[in-house]
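Take a look at the chain shown below.

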Amino acid sequence: MKYVLLLLNTWFLYTNGAYSYIVDPGPVVKATKGEIWPKPKSQTTNAKFAMINRSAFQFQISNHTCDILEKAIERYQKLTLDVGNSARRSLFRSSRGRNDQTRKSPRSDGNFKKTLEMMQLNLKTPCESLPYLAMDESYDLVIDDTQASIEAFSVWGMLRGLESFSQMVVLSDDGSMLRVNFTRISDEPRFSHRGLLVDTSRHFVSVPTLIRILDGMAYNKLNVFHWHIVDDHSFPYQSERFPELSDRGAFHPSMVYSPDDVQRVIEEARLRGIRVMSEFDTPGHTRSWGVSHPELLTECFDQYRGKLGPMDPTKEMTYAFLEELFREIVHVFPDQYVHLGGDEVGFECWASNAEVMEYMKVNRLYSFEMLEEKFIQRIVDQIDALNRSSLVWQEVYVNGVRLPKGTVVHIWTGNRQDLLNRITRDGLPALLSSCWYLDHLSTGGDWRKFYNCDPHDFVGTQAQKKLVLGGEACMWGEVVNDQNILQRIFPRVSATAEKLWSQEAVKNADQAAARLEEHTCRMNLRNVPAQPPNGPGFCV
């Protein structure tokens, strides 16, 4: 009997994949062809298709236009036609002999209906100049016997429609022509804030690499570049009012973002419908500020003697300095929101400093959380006075700071369901990141763990869930730089992008895998070195 059970157990292990020594040739996941990432809200596609005349094809504006749309047309004209560049056509033709029955001329296919030479772009209202929270990104796309058009009420929706169209265009099986299936799409995002945080303090990331990141974000319909520009280790932002901060606080004179650099990033993002939201974290994560301005930070004593800790919340000069710097920041960064940080404040130096302890005694502050609350309250009020809105990390909320209406609480750790419920129950908007930390690596294609997270996965009313603005994937910079940051971000951030754009019912990771296989190859073709998502496979 034991022998029979052993045989049955061995058979069970083999048939359920516990042993993977017997495999089929070819890719582990077969890529789709002409599928859109992230998945549209509504799409119907049939077997009929049009061939695109590479020498004549163009986008035709039939209504409003502006620099954003015209520059987008330049980009998408190239992206669309590059699908059938000479190198790829030759690769397809060279493989004909391997499988001739699939290499018939597309014109002999009964589903071939027309040659497409023009895509109409109907922007129904004048362009807005800057992207913003809750902008209209909806669009309608139709390709059939009688028309080929993209319609949108805003230029931001037109950008998303152009991206979808470009993803639908594929090379025919014989490599001779571009083709696109007849399709009808009505699409809009599920969440209005779909972001990517990039940390440029722990390792400097060059402007050309940041622009390639913006390209990758546009290919995934992400719309917020959260620029965690400074931190403990370096201060690469070149302030016009306080240039000494980067002169002394940057890693190296060559590793600084000049005012022109910052404006270039903001402009390239604007043209792609991406907001640039700056973060200047306080009172912690500020050690690099103290290289030029040690007076801003708390002097440590006892076992920490000779060190500097968080900002000194007892000095009026600290608040005066920050007010002047933030006045510059809201001028440089046009977005309505400023991220103030507020996380991971170590209390050791405050506890060792006699002046800080005396200040707490006089002001009846009975805990360091209360002292931090007093500091953050001053900074939030400063931003409010500058007619800007604040984002803060969750500690600020947890520690009981009185936040102005509309202040966004950013969740990065702990029980996200409980925090989402509490924050939204208190009437505050929330942003989720805790399940989308791109610096947390797992073996193999770990995008699935990001795909299995949803911002509405908590107990709450519909009114509460409307207060969840969306979320951000976070690329912290401890172990990434220009050499590997793109590969770490893409395509893993694509999972986050689909969860924030597509409908809640879109949750089958196995179905998503085939589309992501195609999308990764698409990004590779577009000069974004996305890593393979699913194991053995190939791109041509």
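Is tryptophan 350 buried or exposed? Its relative accessibility is 0%, so tryptophan 350 counts as buried. Keep in mind that this is a predicted model.

Tryptophan 350 has a ring partner, phenylalanine 347. Their ring centres lie 5.6 Å apart and their planes meet at 20°, so the pair is stacked. Planes under 30 degrees apart count as stacked. Phenylalanine 347 has a relative accessibility of 21%, so it counts as partly exposed. The cut-off for buried is under 20%.

## Overall build

The chain has 18 helices and 18 strands. Its radius of gyration is 26 Å. The globule rule gives 24 Å for 540 residues, and the two values are close, so the chain is as compact as a globular protein of that length. Along the principal axes, the C-alpha trace spans about 85 × 80 × 50 Å.

How much of the chain is buried? Of the 540 residues, 54% count as buried. Now take the contacts with a separation of 6 or more: 75% of them come from residues 24 or more positions apart.

## Surface and charge

The chain exposes about 23600 Å². Carbon and sulfur atoms supply 51% of that area.

Charged side chains come in two sets. There are 61 positive and 68 negative side chains. The centres of these two sets lie 8 Å apart.

## More aromatic rings

How many aromatic pairs does the structure hold? It holds 21 aromatic pairs. One of them joins phenylalanine 57 and phenylalanine 59. This pair is edge-to-face, with 5.2 Å from centre to centre and 80° between the planes. Phenylalanine 57 and phenylalanine 59 are both buried.

Ring pairs also build a cluster. Its members are Phe204, Phe225, Trp227, Phe235, Tyr237, Tyr257, Phe280, Trp289 and Phe333.

## A loop residue

Where does glutamine 147 lie? Glutamine 147 sits in the loop between strand E5 (139-143) and strand E6 (148-152). Its relative accessible area is 34%, so glutamine 147 is partly exposed.

Leaving out residues up to four places away in sequence, glutamine 147 touches Lys114, Val142 and Arg184. Phenylalanine 251 is 104 residues from glutamine 147 along the chain. The C-alpha atoms of these two residues are separated by 55 Å.

Note on methods
Residues numbered from 1 in each chain as written. Predicted model: local features only at pLDDT ≥ 70, side-chain atom pairs only at ≥ 80, totals over all residues. Heavy atoms only, no water. Helix = DSSP H or I, 4+ residues; strand = E, 2+ residues; numbered from the N terminus. Rg over C-alpha atoms; globule rule 2.2 N^0.38 Å. Buried < 20%, exposed > 50% of the residue type's maximum accessible area, 1.4 Å probe, protein only. Contact = heavy atoms within 4.5 Å. Areas by Shrake-Rupley, 256 points an atom, 1.4 Å probe, with all protein chains shown as cover. Lys, Arg positive; Asp, Glu negative; His and termini not counted. Charge placed at Lys NZ, Arg CZ, Asp CG, Glu CD. Phe/Tyr/Trp six-rings, centres within 6.5 Å; stacked < 30°, edge-to-face > 60°.
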